[in-house]
Amino acid sequence: MSAIPFKDVIRTVRYLRPYRGLAAGSALLTVLSSLAALLTPWPLKIVVDHVLERQPPSGAVAGMIGSFAGDRVGMLVAAVVGGLVVALLLSSLHVLSNYANTKLDQFITLDFRSELFLQAQRMSLAFHDRRRSGMIIYMINSQGDAPAGLIMTLPLLAESLLTLVGMFWISVHMDWSLALASLAVVPFLYYSVGYYATRIQDRLQQVRALESESLSVIHESLSMMRVIVAFGREEHEYRRFRTQTSNAVAARVRVTVRQTLFALVVNMITAMGSSAVLGLGAYHVMQGRLTVGQMLVVIAYIAAIYKPLEMISYTIGSLQDRFINLRSTFELLDLKPDIQDAPGARVIRRALGHVVYEGIQFSYSGRSDTLRDISFEARAGQVIGIVGPTGAGKSTLVSLLPRFYDPVGGRILLDGADTVGLTLQSLRQQVSIVLQEPLLFSGTIAENIRYGRLDAGKEEIVAAAKAANAHDFIMALPDQYSTVLGERGAAISGGERQRLSVARAFLKNAPVLILDEPTSSVDSKTEAVILDALERLMAGRTTFMIAHRLSTLHHADRILVLNHGRLVEQGSQSELIRLGGLYHQLHEAQWARSRRGTRGVGALETLETLETLETAETPA
Ligand code: ATP
């Protein structure tokens, strides 16, 4: 049984700590149940030996029913009532221990799942870029009960072991050779469990991987519902799910067959033991070494000894499943978040918003030179426009400020302090972000706005919505602020969602604001409404605004022009136009298009312009 990972088991037992009292109660109930189980076959012995065979009671039995000696009917009644009392006692103990164990099981599972959930949230975005969320959901949901499952097998094992010792001890006193014969099966059981444990582990791991993959397919499909419907790929997704899940099911069936075969082997071994004991026991009765009643007690005990033995074997068999779940969940818990507070990190109160990038270098894993040697300064309250061709690194540049990723070279200063030396919590409190795709939670509109500051009152939520030009459309909805949004904010338009995310940013009231193309996916009328709200939001905050439409940058104090991860130009709009470089060409191209009588320069056209210009540029 070398397949027992003792380190993981010891680590698991630590989850019991907060529930010591309950665990002690459960242990006591286990001992009492084992003792009560010892009494079970004795009423039968009394009926057979002393009522039917008229043998005078002796030893412990005399103590139990001595006052009825000679009165066979009295003894019969005592045995029957005694049997009932034992059954009642066992059932009551069973109910109590079920209650204690269920409580333990559920609370430990809750604690462990919470820990996994917290850890998954602590991990950096780089980690989540690599892992499929379906796998993490599977881990939290399906594997999160592993420690509790393992701990709850302990009372079972302990009860089985105690019963085994108690019954074996009494059997030895009645007929030692019979008791020894019953133990002849133990080496076989031990060997078969060891064999099983080592052979089944890899297969179980494969099944787990396949099952979690199925969950990933479901998760991905549900979150991509709009694309699936738009491309009419329901059948395709169904087949993908079906194929994946069929593989998982086939693998699960194969493992279950093996587990059942193992159960069959264990049953056969114990059946051989029972037959041997029956034969030898009856032979000893024939020789007069044992009474019939004693033989019945021993046989009942042997059967009861095998039950715990079988239980131990099955439990150890099923433990492999739990060990595998434990290992993979502990592996997640042991991962060090690659972005975390540095030792001695300090809390920053509300910052002024002076931001400096110094020689920033960054690459996503597996990529090179996403950002190269970028330096610039944004004084408190300035608006910094960021432009550049698609893939130039604009979003990446701003995502380094709240430390979604850490640069590999250079540093970022906020009010003169290196952001790496600040606590993540306090750093991220200084930054509000409005993204191109407004991400909202399912829940009411009020709850979504309140996400900006959880303790905000109703008036503050309404004020934020008014500032974000969202109040009027919210009041026109049947349930107004209590309107329940679907997943990702479904149930309202893209422009409306964006205004809610602006309201959320208003409420957060952070000194630094990141706007990542917040109006690129709305029409020009909605854009005007959102820009109006954003202008209010930007007042008094250091703002980084990524824009494809240069017209939205007219009030930027400075514009950074990125190309191939490099900062190729920076200056005010007029300076950049005078410079005659990339920004100038871009500006000219957009201007020419708008003069050709188009309805303004859309994101797509700007993008095309940028891409055309980009191919003309040689990367530095
Ligand atoms: P766009 O204007 O299209 O939004 P961008 O200028 O904001 O583009 P980024 O999103 O910063 O560009 O991407 C910069 C580069 O990094 C691109 O080459 C992109 O493919 C790559 N990239 C972006 N996100 C990741 C990621 N999570 N993992 C690996 N590479 C990434």
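This is a predicted model: local features need pLDDT of at least 70, side-chain atom pairs count only at pLDDT 80 or more; totals for chains, interfaces and linings use all residues.
Close-up 1. A polar side-chain atom of threonine 396 is placed 2.4 Å from an oxygen atom of the ligand, and the protein covers 67% of the 630 Å² of accessible area that the ligand has on its own. Lysine 394 also takes part through its side chain, one polar atom of which lies 2.7 Å from an oxygen atom of the ligand. At glycine 393 the backbone is involved instead, with a polar backbone atom 2.9 Å from an oxygen atom of the ligand.

**Close-up 2. The shell of residues around the ligand.** The ligand is surrounded by 15 residues, of which Thr390, Gly391, Lys394, Ser395 and Thr396 are the closest. Sorted by class, this shell consists of seven polar, four charged and four nonpolar residues.

**Close-up 3. The largest nonpolar core and its members with the most contacts.** This core has 46 residues, and those that touch the most other members are Ile449, Ile474, Tyr481 and Leu500. When neighbours within four places in sequence are left aside, isoleucine 449 is in contact with Ile474, Tyr481 and Leu500, and likewise with Ile461, Ala464, Ala465, Ala503, Arg504 and Leu507.

How values were computed:
Residues are numbered from 1 along each chain as its sequence is written. Side-chain values use heavy atoms; hydrogens and water are left out. A residue is near a molecule or strand if one of its heavy atoms lies within 4 Å of it. A polar contact is a pair of N or O atoms within 3.5 Å; within protein, one must be able to donate a hydrogen and the other to accept it, and residues adjacent in sequence count only if both atoms are side-chain atoms. Accessible areas come from the Shrake-Rupley method with a 1.4 Å probe; for residues, only the protein chains shown count as cover. Ala, Val, Leu, Ile, Met, Phe, Trp, Tyr, Cys and Pro count as nonpolar, Asp, Glu, Lys and Arg as charged, and the others, Gly among them, as polar. A nonpolar core is a set of buried Ala, Val, Leu, Ile, Met, Phe, Trp, Tyr and Cys residues joined through side-chain atoms within 4.5 Å. Buried means under 20% relative accessible area, exposed over 50%, partly exposed in between (1.4 Å probe, protein chains only). Contact means heavy atoms within 4.5 Å.
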